[in-house]
Amino acid sequence: MHVQPECEKKSGATAIGGAFHKAALLESYPYVPFTLLSAKNLPHNTSKSLKCRCTQGMYPSCRNGCTPGKRCTFRRLPEKPYTVGEEESAVMNGSNMQEGWLLSNVTGISQRSQHQGKERFWNVHGKRMRKHWQLYLFVLVPVLYFILFKYYPMINSVLAFKDYNVTKGIWGSDWVGMKHFRLFFENPIFWTLVKNTLIISVYQLVVGFPIPILLALSLNEIRNGRFKRFIQLVTFAPYFISTVVIVSMIMLFLAPRLGFVNVALGHLGLEGVNFLGEPGMFRSIHVWSDIWQNAGYSTVIYLAALAGVDPMLYEAAKVDGASRLQKIIHIDLPGILPTATIILILNVGSIMALGFEKIYLLQNPLNLETSEIISTYVYKAGLLNANYSFATAVGLFNSVINLLLLVFVNTLAKRLSNNSLW
Amino acid sequence: MAKAAKIKEPLSDRLFLGVVYTVLILIMVVVMYPLIYIISSSFSSPAAVASGKVWLWPVEFSLKGYAGLLHNPQILTGYGNSIFYTVAGTLISVTLTILLAYPLSRKSFSGGRTLMMFITFTMLFNGGLIPTYMVVKELGFIDTRWALLIPNAIWVWQVIIARTFFQSSIPDELAEASEIDGASDARFVWSIVLPLSKPVIAVLMLMYAVGQWNAYFDALIYLKSDNLYPLQLVLRSIIILNNNAAGPMDAMKLVERQQLAELLKYSLIVVSTLPVLIIYPFVQRHFVQGMLIGSVKG
């Protein structure tokens with residue numbers, strides 16, 4: 001049983017690697033005082049004197065050489081203290097290994113050979129794995145699920161570089177290199193698809209991003225609890241309506257003759273419009289119905305951020321005679337900025353990943369000019385026309401772009417502010 | 001008399017608040033009106049709906065739309081199927097999610113971080129539509145009920161929510177204590193973790209259930225037989241593809257049939273959305289909590 005080593009928290013060790021790893025290290029060196037520190041930059045094989053901040057009796061390192069409050073010498077190992085097993089290596093080889101410090105007392109029991117370290121590592125983890133074998137049994141089926149339905153399809157994506165032949169199967173089909181990609185890029189529809197996808201996404205982002213924020217800020221001004229809750233209840237409700245029903249409603253409302261929008265236009269003496277048949281209307285219909293459905297849902301997260309703002313700030317502002325608007329601008333907005341950044345990253349990162357479901361249902365031959373996007377095209381080319389390899393190539397192109405975009409946006413956000421997804 | 005304790009807000013602030021209230025009420029109307037319109041139409045007479053007389057309340061109250069639904073075998077089968085998919089799918093999904101999320105929440109689970117990365121990576125990158133379709137085909141799931149239950153059984157987001165809950169509400173000390181008392185991990189999960197995790201299980205069930213009930217895409221690509229179609233696909237065929245739902249009632253006049261078909265669309269929307277919207281006010285709190293748990297540690 002390992003007690004959470006509290007003194008490590010106090011010594012300011014960062015949480016990378018988690019307390020779990022620290023505990024593992026402790027177990028593997030039961031008699032060598034060992035601790036993880038945040039002082040990362042000491043070169044290998046050099047020593048440094050630091051104050052021990054452990055509490056007496058917390059864990060073995062405190063009893064062996066490290067007296068709380070006294071200075072002791074920490075020495076960085078000549079190289080990695082031990083090599084780790086393959087599954088942990090990704091984690092351990094990263095930045096946190098720099099923190100692999102060994103506290104050596106005067107007698108200096110410190111360096112272990114790599115071999116011994118590895119053995120010890122597996123002693124600890126192997127023992128723990130044997131003890132908790134049931135946990136591994138639990139994850140067996142879910143892991144199989146991920147391999148089968150998420151990773152296996154990724155491997156199947158090689159289809160994009162082959163000419164799929166039903167009798168030969170995926171692996172037996174002939175390699176054709178970039179043929180399908182070339183076909184796609186040279187096809188005039190390529191630019192139409194990219195353009196349509198981007199325009200709809202950007203439109204959705206530009207309109208859809210600020211509206212939940214404004215809604216949250218307004219709701220936050222309301223002191224009447226009942227009214228506030230009721231508005232939240234109502235605006236959240238459309239989130240639970242299915243895509244098919246939303247599209248059905250749109251079609252009923254916008255129907256050329258009987259839809260109430262056209263009936264209303266008729267009463268005003270205006271001519272009816274076949275909204276869904278107009279390519280120019282498609283984007284607005286899609287984007288605004290999306291906002292109708294999801295704005296209330298997105299508001300919740302901002303409201304939570306607003307609830308976390310320190311009330312003292314409002315009191316201070318009140319004393320200073322700030323108006324409501326000034327409070328919003330100087331307290332509320334900075335308060336939700338981190339949340340907003342994360343959501344913006346997610347939105348910008350998924351700008352090419354426009355969902356298939358709703359657009360496909362809203363499409364008809366008349367509006368195809370603006371409504372055909374990459375994902376609907378993949379579906380039609382692949383499953384309706386059985387052009388498997390080509391559709392896989394288009395899909396793969398899209399997935400790779402999405403991944404790159406997300407990584408890029410995330411890196412950018414990390415540079416500019418401190419908010420990022422990972 | 002005591003002085004009024006409250007300091008009056010300045011005029012500009014009261015004006016500002018007035019604007020906020022007005023905007024919010026407007027938003028509320030915009031959100032609610034389409035819903036009310038659909039419900040009112042579904043309770044009106046076929047003729048009133050077809051001639052566009054309904055604008056807020058039911059006109060010439062009638063239940064013909066709902067009666068018509070009962071005469072359509074396609075709709076009834078779809079409804080039954082959807083109930084089956086929702087119940088079975090939710091059961092499978094919740095079980096798998098908990099089996100995965102619990103070990104991931106334990107410190108004593110060696111390799112948990114690597115596994116977590118393995119799982120979250122699928123949120124960032126996926127094999128795409130066609131390769132996934134091929135896998136489902138290889139497994140022989142095409143045109144079977146399994147196709148709707150298995151390929152999308154685990155949502156990574158839900159795993160994160162459940163894991164965060166277990167981490168914060170089931171302390172490792174508790175697991176260690178029961179370990180000392182001789183309980184195996186399975187026993188601990190069954191007798192301690194599950195009873196303590198009712199709130200998060202409720203959240204998982206609701207989210208998966210709503211997701212299953214509302215899904216149509218998997219059914220669209222994997223199913224071919226009408227008798228397996230979930231309600232959403234039936235809806236699509238009747239409303240979006242405009243296949244007449246009034247049935248082969250030859251005795252009816254053409255006009256009447258068309259009017260009834262139009263009315264059926266409204267009642268169909270109400271009937272398919274009602275189960276979700278009725279439970280919604282009771283569970284909204286849980287949804288919000290679930291969302292926030294997930295977002296804290298995304």
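How many cavities of 30 Å³ or more does the structure hold? In this predicted model, the structure holds two of them. The second largest cavity has a volume of about 30 Å³. Its lining consists of A:Leu215, A:Leu219, A:Gln232, A:Thr235, A:Phe236, A:Gly296, A:Thr299 and A:Val300. Helices α10 (210–221), α11 (225–236) and α14 (279–307) of chain A are the elements that give two or more residues to this lining. By class, the lining of the second largest cavity is divided into four nonpolar and four polar residues, with no charged residues.

The second largest pocket has a volume of about 740 Å³. A total of 28 residues line the second largest pocket, and those nearest its centre are A:Trp288, A:Ser289, A:Trp292, B:Val30 and B:Pro34. At least two lining residues each are supplied by α10, α12 (243–253), α13 (260–267) and α14 of chain A, and by α1 (11–42) of chain B. The largest share comes from α14(A), with nine residues. The class composition of the pocket lining is 23 nonpolar and five polar residues, and charged residues are absent.

The contact between the two chains was examined next. The size of an interface is often given as the accessible area lost when the parts come together. For chain A and chain B, the area buried between them is about 9100 Å², and carbon and sulfur atoms account for 76% of it. Chain A contributes 94 residues to the contact, and chain B contributes 95 residues.

Polar contacts between chain A and chain B comprise 21 residue pairs, with both residues at pLDDT 80 or more. On the side of chain A that touches chain B, helix α6 (residues 133–156) of chain A provides the largest share, 19 residues. By class, that side of chain A has 67 nonpolar, 19 polar and eight charged residues.

One salt bridge is counted between chain A and chain B. The salt bridge joins A:Lys131 to B:Glu179, with a distance of 3.1 Å between the closest N and O atoms. This pair counts as a salt bridge because the Lys nitrogen and the Glu carboxyl oxygen, 3.1 Å apart, lie within the 4 Å cut-off.

Notes. Residues numbered from 1 in each chain as written. Chains lettered and ligands numbered in written order. Predicted model: local features only at pLDDT ≥ 70, side-chain atom pairs only at ≥ 80, totals over all residues. Heavy atoms only, no water. Contact = heavy atoms within 4.5 Å. Buried area = accessible area lost by both parts, 1.4 Å probe. Salt bridge = Lys/Arg side-chain N within 4 Å of Asp/Glu carboxyl O. Polar contact = N/O pair within 3.5 Å; in protein donor to acceptor, adjacent residues only side chain to side chain. Helix = DSSP H or I, 4+ residues; strand = E, 2+ residues; numbered from the N terminus. Nonpolar A, V, L, I, M, F, W, Y, C, P; charged D, E, K, R; others polar. 1 Å grid on protein atoms, 1.4 Å probe; cavity = no way out; pocket = protein on both sides within 12 Å on 5 of 7 lines; lining within 4 Å. Points joined across faces, edges and corners; volume = space filled by probe spheres on them.
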